[in-house]
Amino acid sequence: MYKEEIVMSIINLIAAFGGGAFAASIGALPAFIMTGVFAVVGAAASMCGAADAGNILVNYFAFGSFFGPHIAFAGGVAAAAYAKKKGISENGADIATACAGYNAPDVLLVGGVFGVIGFLFKALVVDNLFAGTISARLVTDGPGFTVFCSAILVRLIFGGKLRTGDKVVSAGSAFTNTIVIGITYSLVVAGIYFAGLEVVPIETFAGSYHVLIFGMAAVGLIFAEIGQPFFGCHHIVIIAAEAAVQCYNNTGNMWMSVIMAIIFGTISGIICDVETNLINSGTDSHIDGPACAILIMTFVVNACFPAL
């Protein structure tokens with residue numbers, strides 16, 4: 001059994017190179033949208049009792065070596081930054097453009113290399129330190145943690161200063177808009193969860209709810225891809241979903257769980273806004289604000305309400 005696990009790990013590692021290069025070829029954002037597609041379908045399959053199908057779609061496609069953000073999105077981010085450094089792109093933070101259009105094979109290979117780096121970082125660091133191995137209260141989101149750390153590495157390797165802005169938060173109504181979205185999106189996520197528990201057993205619903213919500217938000221980014229001013233919200237809704245589910249599992253108090261979902265989801269939105277203003281407002285590379293918010297707030301949710 002141990003030998004089979006080693007062989008599968010090696011296969012997945014090799015596949016991660018292909019996943020990173022593939023994501024670079026289609027663009028980091030389109031690859032992340034595909035993450036959302038498989039997450040939604042996989043979560044729905046699990047909720048409908050198709051456990052094997054759900055496992056394949058979620059763990060091997062959405063969050064595996066094909067479209068796992070720590071592999072695919074991270075690879076696409078690295079490729080875009082390298083393309084700017086190489087002088088064939090004006091914007092290294094452009095995650096919407098398919099790098100295959102540059103006709104530069106080395107750009108795609110950089111995506112593959114960072115796909116492998118993402119796979120190894122998650123497997124060797126996050127899964128051994130921050131996946132409940134030390135404490136149930138010391139858990140974070142593996143792909144989010146990896147995406148953020150990989151993007152920092154990209155910035156350091158391909159040039160550009162780490163801090164890109166002087167503002168801490170967005171000015172005027174833009175910041176107010178973030179607050180309103182944080183509150184209202186978190187409210188509907190928590191509300192639908194508890195409404196669903198009226199008709200679906202908690203064992204069926206709870207385990208996949210955050211994956212379903214995250215996937216829906218990721219799919220919504222297709223509107224951003226086609227140029228609409230879509231507010232990326234996956235960092236808000238996944239934290240709200242986790243807070244609602246885990247607070248209720250720990251306390252059994254529905255109203256407290258709704259309040260915690262709103263508070264934690266809104267804080268996640270604020271963290272993303274701060275990160276975007278401070279280190280993701282330039283054109284050298286993309287350092288993902290949602291990934292930063294998710295990794296921090298997943299720590300917070302699990303510290304307060306560890307998974308049972």
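Q: How do α10 and α11 cross, and how close do the axes come?
A: In this predicted model, the axes of α10 and helix α11 (residues 254-279) cross at roughly 150° and come within 7 Å.

Q: Parallel or antiparallel, and why?
A: Angles over 145 degrees count as roughly antiparallel, so α10 and α11 are roughly antiparallel to each other.

Q: Left-handed or right-handed?
A: The crossing of α10 with α11 is right-handed.

Q: Which residues make the contact?
A: From α10, they include Ile236, Ile239, Ala240, Ala243, Ala244 and Cys247. The α11 side includes Met260, Ala261, Phe264, Gly265 and Ser268. By class, the contact of α10 with α11 has 13 nonpolar and six polar residues, with no charged ones.

Q: And α8 against α10: what angle and what distance between axes?
A: Helix α8 (residues 202-220) packs on helix α10 (residues 234-251) at about 165°, and their axes are 7 Å apart. α8 and α10 are therefore roughly antiparallel. Their crossing is left-handed.

Q: Which residues touch there?
A: Among them are Ala206, Tyr209, His210 and Ile213 of α8, and Val237, Ile238, Ala241 and Glu242 of α10. The contact of α8 with α10 divides into 11 nonpolar, three polar and one charged.

Q: What lines it, and which residues are closest to the centre?
A: There are 18 lining residues, and Ser9, Asn12, Phe119, Ala123 and Asp127 are the closest to the centre of the pocket. The elements giving two or more residues to this lining are α1 (2-26), α3 (51-62) and α5 (105-129).

Q: How does the lining divide by class?
A: The lining of the second largest pocket has nine nonpolar, seven polar and two charged residues.

Conventions: Residues numbered from 1 in each chain as written. Predicted model: local features only at pLDDT ≥ 70, side-chain atom pairs only at ≥ 80, totals over all residues. Heavy atoms only, no water. 1 Å grid on protein atoms, 1.4 Å probe; cavity = no way out; pocket = protein on both sides within 12 Å on 5 of 7 lines; lining within 4 Å. Helix = DSSP H or I, 4+ residues; strand = E, 2+ residues; numbered from the N terminus. Nonpolar A, V, L, I, M, F, W, Y, C, P; charged D, E, K, R; others polar. Axes fitted to C-alpha atoms, helices over the stretch in contact; angles between N-to-C directions. Parallel < 35°, antiparallel > 145°, perpendicular 65-115°, else oblique. Left-handed = near helix turned anticlockwise from the far one by under 90°. Contact = heavy atoms within 4.5 Å.
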